[in-house]
Every structure is written in structure tokens, then in C-alpha cells.
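Reader: I'd like to learn how to read helices and salt bridges in a model like this one. Could you walk me through it?

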Amino acid sequence: MTPLLESEEHKSLREAVAAFAKTHPHTTNAEDNTRLWQAAAKLGYIGVNLPEAYGGGGAGITELSLVLEELGAAGNPLLMMIVSPAICGTVIARFGTEEQKREWLPHLADGTRLMAFGITEPDAGSNSHRITTTARRDAATGDWILTGRKVFVSGVDIADATLIVGRTEDARTGKLKPCLFIVPRDAPGFERRAIDMELNAVEWQFELTLDDVRLPADALVGDEDAGLLQLFAGLNPERVMTAAFGIGMGRYALSRAIEYARERTVWKTPIGAHQAIAHPLAQAHIDLELARLMMQKAAHLYDAGDDVGAGEAANMAKYAAGEACVKAVDQAVHTLGGNGLTREYGLARLITASRVARIAPVSREMILNHVSHQTLGLPKSY
């Protein structure tokens, strides 16, 4: 089946998720969010991408991104879907030990456990080459000892563990190389502080401090010498899912604006009949549809095992979705005028939230750098 056309199975999944999402109230607090997460997990939506052998749906990022998009389009996006099943679940499923898979995947799939992901640092952003969180072995016990800081880590307060990106020293070269560690939330020396955000979101953002956090040898995920490969195996799904998050949010805002434009009447005519209102909404719809096509391409490439092709497409999808989301939200608010800034219509809060799709997990400028260097073959400026 070509990525340009959805299979009947995917259409059915999309319809089922949309119907489910519309039956739930908007998740404005942690309790509502938890109930929605558990209900979605019970139906198999949260773990749809995880292996069947460990309680998942046996599908891929294509299906998981579809689920998140439809939840967002109904006004109920679940941010932690980007993190727990897409990043952490994928990394553990692909590279974890059998014990790690048995320990985590069934619980990530059924919604009884959550896992956060910590890569961003105050001075390094998401640049894996500048990460300063270090892991060293205790020669006497074989334990790992982690020291460092992370920022803008989502949902640490509700997660049972955090997948931390640290760096170990290569004994042969002395250079630091990225590695992934599962850090339980109650590990001694693992502290969190909520960041005061002007972002109306259920999931909080945290700064983490790792002060000589001691972990058993089996806390390392995968091969110590393949950390970069394993890291990007999680970052590509993250970009695809962020695109789904943005597209869903944009579709929700657009649907509210369209409904308003059909009903709001001035001088005996619905305002949607005027091209100054209709055309920008049509353009926003087109941009969202184009972004979805690139997202589907990226997801299909990833699920087919083409990590290189998926990396390029996932970055483009995330860029396109971020731009389309911001424009759709802006036009939706503008369509409603003063009503677009009221709590009643619930669009004003999306003005800030939509920026997340542009900024995280990687800025649009860094994506343009990637495309100009990797795709176009232009020289680097840094």
C-alpha cells in the first residue's frame, strides 16, 4: 500500500480513535489526562506500535502517529504518547535486553507505567555531541554512576522512570560517546524541579539533577558502543509523533473556526461566505494535509526499516507540521475575533501551545540546517 493512500484498516483505526476521543471531555487536569490515557491504553491505542509478544499491537509508528493525530483533532492530545511508547518503547523494543523488554514493554503498552525521556541540557540543547551528563563504571561493583543535569523533560512527575541520555568514556580513544540509561524515579540522587512555564498544558516540564546516581549494570539500554544509532532510533519517531501532535492541534483549531464561520452571521450572511475568511481557512487546511502526507511518508519509511530515509523525512514532516499548526491556530483565532481570545472557545491557549511544534524537539532552523547539509549538500557554517 502506497503511503499516499490509507488502507481500509488505517481508515477504520482513524474512525475508531476519532469516535473514542470525542466521547471524552477535554483533558484540562492531570486526573482527566490519566483517565483518558488509561482508557486509550485499554483499547490498545497507547501500545499499538509495541511488539505483540510483549502486549502491544504489533503495528508501527504509522499507526501510533495516526492515533495521536486523531486525539489531537478532537482536542485531547496526549503529549506523553510522543515520549513513552514512541521514544522509550521503541528504543527498548529494538535494543533492550530480554529482561528490559519483559520489565517495561507490557506496562508501557497497557498504560500502567510511563517513561519520560531526558536528553536536553542547559548548555547543549539536544546536541548529543555536547551533552555533559556522564556515566562512569564503579570498578568494584560494575554499577553505573550518573552525574549531570537535564531540562525541559516532560512528565517526570507521572513517569515511573526516565530514559536518560548520558555519555561514557571510550577506553580506547578517551572520547565520550552517548549511551541510554533507565533511571527509576526514586533513585537516590535523582532530583526534579518543575519549570515555571507560561504554557497551558497538563504535562509539566522539569529540570533534572543527577548527583552521583548509582544504577545497576543492567540499567544500560543496548550496546555501549552503538549509543548514537540507538539514540536516533528514538529521535526519528519523536519527530514523526511531534508532527502528528501539531497536525492534530491544527485540525482541532481549524474545525472550531470553520464551525464558527458557518454560524456567525453579519449583515445576514455567514462570515464564512466571504473570501477574506474562507480562503485563509482553506490555505490552512491545505498546509495541514501536505504536512500529513510528509508525516505518513516518514512513518512508513521508519516502519520499513529505512532509518536514513526516515530521518530526512521525519525532520521535514516535523517542520511542515509545526508551520502548518501555528498558521492554523493563528487563523482560527483571527476568524473568531474577540471570541478567539475567550476561555469559552478554548483557542487562545493554543497560541502558546502551537509554538511547541515549531520549537521542540528541534527548532525549525536546525531542521533547515539538516536539510541544507544532508539533502542539498551545502557547506556547514558551524
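Author: Gladly! Helices here are DSSP runs of H or I with at least four residues, numbered from the N terminus. Keep in mind that this is a predicted model.

Reader: Is H10 buried or exposed?

Author: The cut-off for buried is under 20% relative accessible area. H10 has 12% relative accessibility, so it counts as buried. Leaving aside residues up to four places away in sequence, H10 touches T62, E63 and L66.

Reader: What should I notice about helix α3?

Author: Helix α3 takes in residues 61-73 and spans 18 Å from its first C-alpha to its last, close to the 18 Å expected. Because 13 of its 13 residues are buried, α3 is largely enclosed by the rest of the structure. Just after α3, G75 adopts a positive phi of about 85°.

Reader: And how many salt bridges are there?

Author: A salt bridge needs a side-chain nitrogen of Lys or Arg within 4 Å of a carboxyl oxygen of Asp or Glu. By that rule there are 23 salt bridges.

Reader: Why might partners sit a few places apart in a helix?

Author: An α-helix has 3.6 residues a turn, so residues three or four places apart point the same way. Here, R35 and D32 are 3 residues apart in helix α2, and their side chains meet at 2.6 Å, N to O. D32 is buried, at 17% relative accessible area.

Reader: Which salt bridge links distant parts of the chain?

Author: One is K177 with E224, at 3.9 Å, N to O. K177 lies in strand β5 and E224 in the loop between β8 and α6, 47 residues apart.

Definitions and conventions: Residues numbered from 1 in each chain as written. Predicted model: local features only at pLDDT ≥ 70, side-chain atom pairs only at ≥ 80, totals over all residues. Heavy atoms only, no water. Buried < 20%, exposed > 50% of the residue type's maximum accessible area, 1.4 Å probe, protein only. Contact = heavy atoms within 4.5 Å. Helix = DSSP H or I, 4+ residues; strand = E, 2+ residues; numbered from the N terminus. Expected span 1.5 Å × (residues − 1).
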